[in-house]
Amino acid sequence: MAVLSVQGLNASYRRNKVLDEVSFEVQPGSLTSIVGPNGAGKSTLLKVLLELHPKLSGSVSFFGSTFGRMKTRVGYVPQRGSVDWDFPTHALDVVMMGLYGHVGWLKWPKRCHREKAMAALEQMGMADYAGRQISQLSGGQQQRVFLARTLVQDADLYFMDEPLAGVDAATEQAIMATLNELKTAGKTVMVVHHDLQTVEDYFDHVLLLNRTVVAHGSTEDVFTKENVYRAYGGGLRWVREG
Amino acid sequence: MTLLLSPNAQWVLLSTLILGMASGMIGCLAYWKRQSLMSDALSHAALPGVVIAFALIGTKFLPVIIAGAAVSALIGALLIQWIRSSSRIKEDTAMGIILSVFFGLGIMLLTIVNRTASGNQSGLDGFIFGQAASMTRQDVYVMLFLALIVMLVVFIAFKEWKLFLFDADFAKGLGMSNRLMNGVYLAVLVLVIVIGIQAVGVILMAALLIIPAVSARYWTHSFKWMIILSALFGGGAGMLGTMISTLGKGWPTGPFIVVASSAFFIFSLLFGAQKGLLIKALQLRTQKKQLIRPWNAQVKLEKGD
């Protein structure tokens with residue numbers, strides 16, 4: 001059974017249609033990169049799937065059910081720039097936020113929650129920065145904190161919006177190691193990705209998007225010169241020639 | 001000063017203390033929601049409601065006045081939202097429109113009501129700049145009760161506020177209703193505004209929401225402490241301003257509260273432990289010294305050669 005099934009999804013953003021009849025299915029245990037030019041609707045796709053942005057038409061099913069019912073099985077790492085990092089809080093506190101659903105509304109977190117959050121920070125190599133003010137973390141460290149916050153949710157399907165944008169090599173490696181661990185554990189991950197050079201090394205599936213699905217499937221089959229040209233509409237130099 | 005010793009004055013002092021604390025706490029929420037100016041628009045928008053409520057019942061019965069102010073402020077909030085979502089006009093412009101239109105309407109109505117016999121003696125003018133001394137014991141009770149509710153709402157949902165203000169999208173993913181949070185936020189914001197307008201006045205009420213929160217920001221990197229400090233600054237300013245305003249007969253309370261609040265702000269700006277100008281200058285000096293020391297040593301070495 002598909003983890004995520006999308007049928008004929010349409011959505012617009014400020015009067016522009018950004019998603020046009022988008023349909024695809026994601027199989028469990030896959031590590032998919034969503035690739036496409038700027039304005040192709042990659043971030044909007046994630047937001048529509050997570051019901052943060054309204055859809056015009058189409059159907060989406062998570063684990064054969066609705067997002068509302070399956071919410072706890074879905075984790076989301078938003079773009080780093082989507083929040084104000086000047087907010088007065090520290091790294092561990094941000095990671096704890098991922099556990100608020102487990103803690104229960106209007107209840108205070110307990111020691112076990114704190115330990116779990118600490119373990120997630122450790123997994124991301126951020127244990128030493130637990131008490132650090134988030135505004136004083138580097139971009140890569142902030143991204144790791146964001147990832148840790150989603151890891152503690154213990155979801156089955158993860159969406160990540162450009163987790164590798166503007167991070168250093170060490171962070172990129174740490175994040176990719178984590179994504180592969182998730183995959184090994186049978187989780188499904190969908191990542192909005194910008195760097196065409198690394199698609200083949202990092203992901204086993206590709207969803208080429210430009211308002212509509214240009215191609216979707218295993219990286220081997222789908223990530224071809226022709227398809228990438230079609231997605232980006234020419235004007236792109238194919239660097240991997242030969 | 002003997003005024004302060006009267007039981008009534010003590011009650012008034014207590015009420016401006018609690019009011020300042022409640023508005024300091026709500027001010028922190030508004031600060032991180034980037035809506036400090038919204039509180040100003042809403043407090044101005046409360047004035048027509050005050051005057052209409054008075055005109056309807058003919059006396060200054062606070063619960064009804066508060067209800068009128070709240071309805072008026074909420075209509076203002078809805079209009080701001082409507083203008084923003086149904087036109088190309090941005091939020092700050094929408095707030096500017098509503099603020100001035102509602103305040104103008106309020107002043108117009110006030111002029112008309114003041115012409116009538118009962119209106120002339122009503123002391124409704126006090127709602128513009130605030131007249132804490134005109135509060136009756138009953139008024140104080142109502143205000144204390146509502147202010148405590150506001151503080152309780154911030155306290156019991158502290159964790160939820162933090163999540164909502166830092167990352168509302170993520171909160172939604174966790175199953176939190178942003179519509180509910182926005183609704184509660186607007187409710188407590190309007191509540192703290194309408195209970196404050198008698199003591200502080202519609203023109204300056206926003207200052208009691210904005211200034212304590214900004215001052216608190218200079219002292220801490222923790223959201224919890226920011227709220228606590230903001231409550232202390234707000235409460236302190238409320239009490240201090242009220243005390244000073246009782247020194248003269250008929251002095252308005254609002255301006256003195258704002259001046260007291262601004263004094264806290266200037267102190268925080270200069271001496272704040274986290275972002276204060278002094279601490280920043282000191283840090284810069286130490287860093288410069290550390291940078292120059294090895295260089296100096298090298299210069300000496302070279303001279304020795």
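The structure is a predicted model, in which local features need pLDDT of at least 70 and side-chain atom pairs count only at pLDDT 80 or more, while totals for chains, interfaces and linings use all residues. Residues are numbered from 1 along each chain as its sequence is written, chains are lettered from A and ligands numbered from 1 in the order in which they are written, and side-chain values use heavy atoms, with hydrogens and water left out.

**Exercise 1.** Describe how helix 10 of chain B packs against helix 9 and helix 12 of chain B.

*Solution.* Two packed helices are described by the angle between their axes and the distance between the axes. Helices (H or I, at least four residues) and strands (E, at least two) are DSSP runs, numbered from the N terminus. Axes are lines fitted to C-alpha atoms, for helices over the stretch in contact, and angles run from 0 to 180 degrees between N-to-C directions.

Step 1. Helix 9 (residues 137-156) and helix 10 (residues 158-166) of chain B have axes that come within 4 Å and cross at roughly 75 degrees. The two helices are therefore roughly perpendicular (65 to 115 degrees). In this contact (heavy atoms within 4.5 Å), helix 9 of chain B uses B:Val153, B:Val154, B:Phe155 and B:Ile156, and helix 10 of chain B uses B:Phe158, B:Glu160 and B:Trp161. Six of these residues are nonpolar, none polar and one charged; Ala, Val, Leu, Ile, Met, Phe, Trp, Tyr, Cys and Pro count as nonpolar, Asp, Glu, Lys and Arg as charged, and the others, Gly among them, as polar.

Step 2. For helix 10 and helix 12 (residues 178-200) of chain B, the axes come within 11 Å and cross at roughly 105 degrees. This pair is likewise roughly perpendicular. B:Glu160, B:Trp161 and B:Phe164 of helix 10 of chain B meet B:Asn178, B:Met181, B:Asn182, B:Val184 and B:Tyr185 of helix 12 of chain B.

**Exercise 2.** Which three residues supply 30% of the area that chain B buries against chain A?

*Solution.* Step 1. Chain B and chain A bury about 2700 Å² between them, 64% of it on carbon and sulfur atoms. Buried area is the accessible area (1.4 Å probe) that two parts lose on being put together, summed over both.

Step 1. The three residues are B:Lys159, B:Phe166 and B:Phe170.

Step 2. The contact takes 27 residues from chain B and 34 from chain A.

Note on methods
Parallel < 35°, antiparallel > 145°, perpendicular 65-115°, else oblique.
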